[in-house]
Amino acid sequence: MKSLSRLLGSRQPERRPLKRIALPEPSGPVYAVGDVHGCLDALLALEDEIFADAAHFPEPRLLIMLGDYVDRGPASAQLIDHLMQPMPNGFTRLCLAGNHELVMLDYLEGRGNLEDWLRYGAEATLASYGVDTAYLAKLGQGNAERDMLIRQAIPVAHLQFLRQLAIVVEMPGFAFVHAGILPDMPLDRQSDWQLATVRKSFEEKAHLSERVVVHGHTPVEQPLHMKGRVNLDTGACFTGQLTGIRLWHNTGRYLSSRPGGNVRPAVRA
């Protein structure tokens with residue numbers, strides 16, 4: 001089996017662009033889920049709600065994960081394992097990258113140092129892989145043993161999962177992305193990092209968009225629908241509430257990891 005260090009090879013000066021997916025008009029329901037941040041129990045509860053809801057709709061059914069699977073919450077490693085498993089019959093899952101995945105990938109591929117990742121909440125992620133974070137702290141910054149221990153703990157399959165994430169999914173009337181899309185700039189000129197991190201400039205211009213952008217990244221108390229966008233990040237790692245949406249015939253319905261939570265009509269394109 002290839003080791004993670006061997007697979008990584010030499011330091012990579014640039015991040016390789018992630019996939020950008022364009023889909024036709026869906027013939028079945030489309031579900032999207034906001035930022036999970038290591039909260040596997042909340043995702044499993046929300047998936048139960050999604051599967052029950054989907055029983056009333058035709059196949060195929062699509063589930064789009066909006067990124068930020070790692071950091072802060074208790075079970076990042078286990079959550080990635082879950083996302084790598086096949087979906088029930090009739091479902092396809094597409095996973096997008098959030099800024100937390102990009103920072104993790106930058107560290108693993110040698111573009112960033114561990115301190116960069118730790119500022120994003122990586123300590124919880126490392127603990128989920130069985131890394132002794134107290135021992136890492138004792139080793140101190142710049143200690144090569146820290147990187148060796150981490151690379152030994154993170155499976156190669158998880159690195160490959162991160163590398164294979166998409167950055168945006170487009171379909172008629174909608175776009176799905178972690179943070180946002182600037183409507184006054186061609187999408188092919190917007191970098192992966194921008195699509196995973198933009199906030200204010202997107203929020204100020206989203207009403208100009210001709211489609212609804214479904215995103216996360218900026219925590220809100222309740223799922224937010226404004227002209228041009230729907231924000232599904234309800235801060236699962238802080239509140240325990242993970243939010244999703246079901247889109248069907250240009251209308252939407254919120255779903256929650258807390259049954260009965262957010263199930264009101266949501267959006268019309």
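Helices (H or I, at least four residues) and strands (E, at least two) are DSSP runs, numbered from the N terminus.

Before going further, please keep in mind that this is a predicted model, in which local features need pLDDT of at least 70, side-chain atom pairs count only at pLDDT 80 or more, and totals for chains, interfaces and linings use all residues. Residues are numbered from 1 along each chain as its sequence is written, and side-chain values use heavy atoms, with hydrogens and water left out.

Which residues of α2 are buried? They are Leu40, Ala42, Leu43, Leu46, Glu47, Ile50, Asp53 and Ala54, where buried means under 20% relative accessible area, exposed over 50%, and partly exposed in between (1.4 Å probe, protein chains only). Seen down the axis of α2, these buried residues fall within an arc of 145°, so they line one face of the helix. The arc is taken over the directions from the helix axis to the C-beta atoms. As background, an α-helix has 3.6 residues a turn, so residues three or four places apart point the same way. On the face of α2 turned away from the buried side sit the exposed residues Asp41 and Asp48. The cover over the buried residues of α2 includes strands β2 (30-33), β3 (61-65), β4 (91-95), β10 (243-248) and β11 (251-256), along with helix α3 (76-83).

## The nonpolar cores

The largest nonpolar core has 62 residues, and those with the most contacts inside it are Val33, Met65, Tyr69 and Trp117. A nonpolar core is a set of buried Ala, Val, Leu, Ile, Met, Phe, Trp, Tyr and Cys residues joined through side-chain atoms within 4.5 Å. What does Met65 touch, leaving aside its neighbours within four places in sequence? Met65 is in contact (heavy atoms within 4.5 Å) with Val33, Val36, Leu43, Leu83, Arg93, Leu94, Cys95 and Leu96. A second, separate core of 20 residues includes Leu96, Val212, Val230 and Tyr254.

UniProt, in an unreviewed entry, places the feature "domain: Calcineurin-like phosphoesterase" at residues 29-221. UniProt positions are given in the numbering used here, feature names are shortened, and annotations may be inferred rather than shown by experiment. Over residues 29-221 the chain is 42% helix and 15% strand, with the end C-alpha atoms 26 Å apart.

## Loops and backbone details

The loop between α2 and β3 holds Pro60, and the peptide bond from Glu59 to Pro60 is cis, with omega near 0°.

Gly28 belongs to the loop between β1 (19-22) and β2. Gly28 and His249 are 221 residues apart in sequence and 9.0 Å apart in space, C-alpha to C-alpha. Leaving aside neighbours within four places in sequence, Gly28 is in contact with Pro58, Pro60 and Trp248.

Gly235 lies in the loop between β9 (229-231) and α12 (236-239). The C-alpha atoms of Gly235 and Glu221, 14 residues apart along the chain, are separated by 7.5 Å. Beyond its neighbours within four places in sequence, Gly235 is in contact with Gly240 and Gln241.

Here is the accessibility of some loop residues.

| Residue | Relative accessibility | Class |
|---|---|---|
| Gly28 | 4% | buried |
| Asp71 | 0% | buried |
| Arg72 | 44% | partly exposed |
| Gly235 | 7% | buried |

## Cysteines

How many disulfides are there? The count comes to zero, a disulfide being a pair of cysteine sulfur atoms within 2.5 Å. The sulfur of Cys39 is 5.6 Å from the closest cysteine sulfur, in Cys237, too far for a bond. Cys39 is buried, at 12% relative accessible area, whereas Cys237 counts as partly exposed, at 23% relative accessibility.
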